[in-house]
Amino acid sequence: YTSETNYEAERLLKYAIQRDPSFALPYAHLSQIYSFRVENGWTEDRGGTIAAAFTAAETAVELDSDLPFAHFALGRLFTRSYAHDLPNAVERAKGELNTAVSLDKNYVDGYVFLANVHIFDGEADKALPLVALAVDRNPVPPYWYALAEGMARYFLGEYEAAEASLVRSRDQNPTAPFPHRFLIATYGKLGRFDDAEWAALEYEALGRTATVDAMVSSASISDPEYRDLFADGLRQAGLPEK
């Protein structure tokens, strides 16, 4: 999960598109590559990269409206922090993700990202059954399944359980920043300040800025109360505001 692998993925996906411009799947993946680039500050052309992400996802849907991942990719874009001001962003996200799972009942990534949408929208209690369903159907879940469970547990005040899920997520993909962020907030809530400090150092070692303002502004949480709860955990962990 680095800038270098992101740009290499773009090169390979564009080669796939060059070989077959009507193949929808690489367009869907390319949209996520661009989104990751914006989310992680790996581009100076933020606006152009966001536009490219939406164009690629919309192209994937147009080329193959029966491809679950195409709808997943477009739905995920509407959950990002840069999409919060778009009209009906939450409804668009839910609509595309529901389309993905309606096309394939075993498309479990769709269930987990629906769980994320509920978490971002202040409905963490609705997320856990979706994550459980996905884990039951995917015996080798990626790191972000455990991340979704950890975030839901955090917002439900189940901090010990949140830590267990977030540690599992972090260990699966140590270069992904998201588990580290929520671990810092969780340790703040648990009063484990040494662990919070170590988690913040790990986060900064990834080239990130360990401040309340930087983490909250880049988070995909749209619900105001949840954003405040996330910020509160970071403050309790001892992070500076800016």
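Biologist: What kind of crossing does α3 make as it passes α4?

Modeller: In this predicted model, α3 passes α4 in a left-handed crossing.

Biologist: Why are α3 and α4 called roughly antiparallel?

Modeller: Their axes cross at roughly 150°. Angles over 145 degrees count as roughly antiparallel, so α3 and α4 are described that way. The two axes come within 8 Å.

Biologist: Which residues of α3 and α4 meet?

Modeller: On the α3 side they are A53, F54, A57, E58, A60 and V61. On the α4 side they are A70, H71, A73, L74 and L77. By class, this contact of α3 with α4 divides into 9 nonpolar residues, 1 polar and 1 charged.

Biologist: Which residues make the contact of α6 with α8?

Modeller: From α6 there are V108, D109, V112, F113, N116, I119 and F120. From α8 there are W144, Y145, A148, M151, A152 and F155. The contact of α6 with α8 divides into 11 nonpolar residues, 1 polar and 1 charged.

Biologist: How far does α9 reach from its first C-alpha to its last, and what is expected?

Modeller: Helix α9 (residues 159–172) has 14 residues and reaches 20 Å. At 1.5 Å a residue, 20 Å is expected, and the reach is close to that.

Biologist: Which residues in α9 are buried, and what covers them?

Modeller: The buried residues are Y159, A162, E163, S165, L166, S169 and R170. Their cover includes α8 (143–155), α10 (177–190), α11 (193–205) and α13 (224–236).

Biologist: Why is E10 called buried?

Modeller: The relative accessible area of E10 is 11%. The cut-off for buried is under 20%, so E10 is buried. E10 is found in helix α1 (residues 3–19). Leaving aside neighbours within four places in sequence, E10 is in contact with L30, I33, Y34 and R37.

Biologist: Why does I17 count as buried?

Modeller: I17 has 13% relative accessibility. With neighbours within four places in sequence left aside, I17 is in contact with P26, Y27 and L30.

Biologist: How far apart are I17 and S3?

Modeller: I17 and S3 are 14 residues apart in sequence and 21 Å apart in space, C-alpha to C-alpha.

Biologist: Why does N88 count as exposed?

Modeller: The relative accessibility of N88 is 53%. Exposed means over 50%, so N88 counts as exposed.

Biologist: Where is N88 found, and what is its phi?

Modeller: N88 is found in the loop between α4 and α5. N88 has a positive phi of about 55° although it is not a glycine.

How values were computed
Residues are numbered from 1 along each chain as its sequence is written. This is a predicted model: local features need pLDDT of at least 70, side-chain atom pairs count only at pLDDT 80 or more; totals for chains, interfaces and linings use all residues. Side-chain values use heavy atoms; hydrogens and water are left out. Helices (H or I, at least four residues) and strands (E, at least two) are DSSP runs, numbered from the N terminus. The expected span of a helix is 1.5 Å times one less than its number of residues. Buried means under 20% relative accessible area, exposed over 50%, partly exposed in between (1.4 Å probe, protein chains only). Contact means heavy atoms within 4.5 Å. Ala, Val, Leu, Ile, Met, Phe, Trp, Tyr, Cys and Pro count as nonpolar, Asp, Glu, Lys and Arg as charged, and the others, Gly among them, as polar. Axes are lines fitted to C-alpha atoms, for helices over the stretch in contact, and angles run from 0 to 180 degrees between N-to-C directions. Angles under 35 degrees count as roughly parallel, over 145 as roughly antiparallel, 65 to 115 as roughly perpendicular and the rest as oblique. A crossing is left-handed if the near helix is turned anticlockwise from the far one by less than a right angle, and right-handed if clockwise.
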